[in-house]
Amino acid sequence: MRKLPLPIGVEFYKDMKGKPYYYIDKTLIIKDIIDQGGKVNLFTRPRRFGKTLAWSTLRTFFEAETGVDGTITDNSHYFAGTKIMEAGEEYTAHMGQYPVISFSLKSARQPDFQTSYEKLRDMIAEEFQRHAYLLDGMTADDREQYELLMGRKAKKGVYATALMFLSKCLKHYHGKDVIFLLDEYDVPLENAHFRGFYDEMIDFIRSLFESALKTNDCLKFAVITGCLRISRESIFTGLNNLKVYSVLDEDYAEYFGFTPEEVKRMLAYYGIEEREEEVRRWYNGYLFGHREVYNPWSVINYIYDIMQRNTEFPKPYWSNTSSNSIVRELVDGADDAVKSELEELIAGGTIEKPVHEDITYGDVHKSQDNLWNFLFFTGYLKAISRRFEVNTIYLTLTIPNEEIRYIYQNTIREWFEERRKEYDPAPFYEGMKNGDCGKIEDFICSQLSGSISYYDSTESFYHGYLLGILGGIGGYKISSNKEKGNGRPDLVLEPHNPKQAAMIIEIKRARKFGEMDALCDEALGQIEEQNYAAELLDEGYRKIYKYGFCFCKKVCMVKFA
């Protein structure tokens with residue numbers, strides 16, 4: 001039987017339900033929002049965890065969607081067979097009953113403030129255009145202001161209060177309070193932080209939200225989504241009816257991301273249930289409240305690639321879509337303490353940090369604790385336990401899964417390669433050409449001492465490291481794991497001038513410093529036993545240097561023969 005297609009890149013509810021995609025029903029979020037009765041609800045979750053789908057689900061359900069001619073669109077067929085339709089008439093009675101103002105700011109990433117402001121202005125104008133039916137029956141003054149806003153011709157201060165004006169127009173027309181839905185509200189702030197115009201952007205966003213949420217007596221309720229709660233800059237100051245649902249809360253935990261049960265059913269549907277453990281290691285590990293959650297974006301892409309035979313192995317899908325800049329900032333600014341903590345995390349360990357739920361982009365660099373908090377709330381760490389002490393909550397944090405571990409490792413690898421290029425390799429090359437093990441060790445140890453280690457590194461990490469350094473030696477052909485004699489030496493350097501010494505390098509990795517000396521001897525013994533030098537001798541090289549390298553964390557020992 002042909003399986004339903006997977007909704008790769010499908011984020012909007014109507015698109016999801018308009019075609020026969022595989023859909024995991026999250027419509028009971030509607031019931032919970034009605035039951036909770038919150039006035040302004042802020043959901044903070046990492047990127048790509050279904051916030052946009054939840055936002056568009058609410059809009060499709062609640063909105064009295066009105067055409068240009070004033071006719072109401074019936075969207076009830078999109079909910080046929082869903083869980084919300086089984087919840088009872090007290091909930092379905094709300095379907096299609098309210099005017100809705102709806103935005104998604106996820107595309108509001110621009111290079112400067114003026115361009116960003118213009119993008120936000122365009123979004124506001126488009127929302128006015130969507131409700132252009134309101135123009136019929138307006139007073140002349142209101143009509144003039146509406147058309148200026150819709151035509152992108154109003155002054156900046158007018159746009160800052162535009163949502164309040166639109167709310168009043170909608171309530172006057174429909175006779176009902178307005179539902180306000182805002183998706184990824186903090187994307188413009190994140191972008192402004194990294195682009196360097198944060199203060200200007202925060203001022204405009206504050207004015208925009210205050211008019212819609214703080215002083216709006218036409219508001220029935222609001223649902224806002226984002227990665228972080230932002231309060232310190234007074235975006236939500238005085239908003240006493242704001243309720244924040246973060247990754248620390250139990251409420252609504254199952255509506256963002258996939259639960260283990262949902263993933264298990266999904267894998268079984270596509271006939272790959274034997275991959276459940278692999279999917280768990282790579283894409284599970286998040287905890288929202290105490291609810292175990294998988295990354296939905298990664299799971300869907302993984303299943304798609306397996307079914308299409310694009311790959312046989314898991315990939316880091318989330319790292320290709322989410323901004324990893326903050327991980328790089330942490331690595332760039334890491335002191336010895338932070339390096340030690342990163343090493344502990346990558347090794348599968350934990351660190352403990354105080355939690356600050358109101359962490360903001362502007363606060364990120366004020367302390368290392370803020371950076372760790374940012375990584376936690378944006379999905380790069382998870383909390384496995386909590387404790388309360390002196391009015392502060394402390395979280396025990398760890399890396400959620402292999403996908404996120406890859407992001408850390410890859411970021412550190414790129415950082416290390418850049419740092420490596422800052423060192424003058426001349427002493428190292430001189431040591432290699434002259435058999436000076438002391439110079440070789442001094443150079444490598446000085447580089448590694450300032451790095452962030454991989455405790456789970458195999459010889460391949462150090463192999464790649466040496467290959468990278470030796471790539472600039474000049475005058476040599478370098479081969480890696482190429483068959484020589486009776487085996488494959490790790491590295492062989494053949495000089496273009498046969499009067500110079502060829503080099504054979506065998507690499508070992510020790511788990512304890514006390515093992516290094518013996519492993520260096522073992523490496524040299526392997527070169528002899530496997531007769532790695534035979535082919536070089538046949539080619540006419542008369543001088544052959546043999547090196548046994550052993551690495552243990554940030555220390556290198558070298559022996560020469």
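This is a predicted model: local features need pLDDT of at least 70, side-chain atom pairs count only at pLDDT 80 or more; totals for chains, interfaces and linings use all residues.
Colleague: Nice. In what order do the five strands form the open sheet?

Modeller: The pairing in this open sheet is parallel. Strand 2 (100-104) and strand 5 (242-245) are the edge strands, each pairing on one side only. Neighbouring strands are turned by 10° against each other on average, direction ignored. Reading across the five strands, the order is 2-3-4-1-5.

Colleague: Which residue in strand 4 does Val 178 stand opposite?

Modeller: Strand 3 (residues 178-183) and strand 4 (residues 219-226) run parallel and are joined by five bridges. Within strand 4, the residue opposite Val 178 is Leu 219.

Colleague: Let's turn to helix 9. Why is helix 9 largely enclosed by the rest of the structure, and which helices do its buried residues pack against?

Modeller: Helix 9 spans residues 187-195, and seven of its nine residues are buried, so the rest of the structure largely encloses it. Those buried residues include Val 187, Leu 189, Glu 190 and His 193. Their packing partners are helix 5 (113-130), helix 10 (198-214) and helix 14 (325-332).

Colleague: And which residue just after helix 9 takes a positive phi?

Modeller: The phi there is about 95°. The residue that takes it, just after helix 9, is Gly 196.

Colleague: Now for the charges: how many residues apart are Arg 152 and Glu 126?

Modeller: Their side chains meet in a salt bridge, at 3.9 Å from N to O. Arg 152 sits in the loop between helix 6 (140-150) and helix 7 (156-160), whereas Glu 126 belongs to helix 5, so the pair links distant parts of the chain, 26 residues apart.

Colleague: How far apart are the closest N and O atoms of Arg 206 and Asp 203?

Modeller: Both residues lie in helix 10, three residues apart, or about one turn of the helix. Arg 206 is partly exposed at 22% relative accessible area, and Asp 203 is also partly exposed, at 41%. The closest N and O atoms of their salt bridge are 3.0 Å apart.

Colleague: Last one: is Glu 278 buried or exposed?

Modeller: Glu 278 forms a salt bridge with Arg 275, at 3.1 Å from N to O. Buried means under 20% relative accessible area. With 18% relative accessibility, Glu 278 counts as buried.

Definitions and conventions: Residues are numbered from 1 along each chain as its sequence is written. Side-chain values use heavy atoms; hydrogens and water are left out. Two strands pair if DSSP finds at least two bridges between them. Helices (H or I, at least four residues) and strands (E, at least two) are DSSP runs, numbered from the N terminus. Axes are lines fitted to C-alpha atoms, for helices over the stretch in contact, and angles run from 0 to 180 degrees between N-to-C directions. Buried means under 20% relative accessible area, exposed over 50%, partly exposed in between (1.4 Å probe, protein chains only). Contact means heavy atoms within 4.5 Å. A salt bridge is a side-chain nitrogen of Lys or Arg within 4 Å of a carboxyl oxygen of Asp or Glu.
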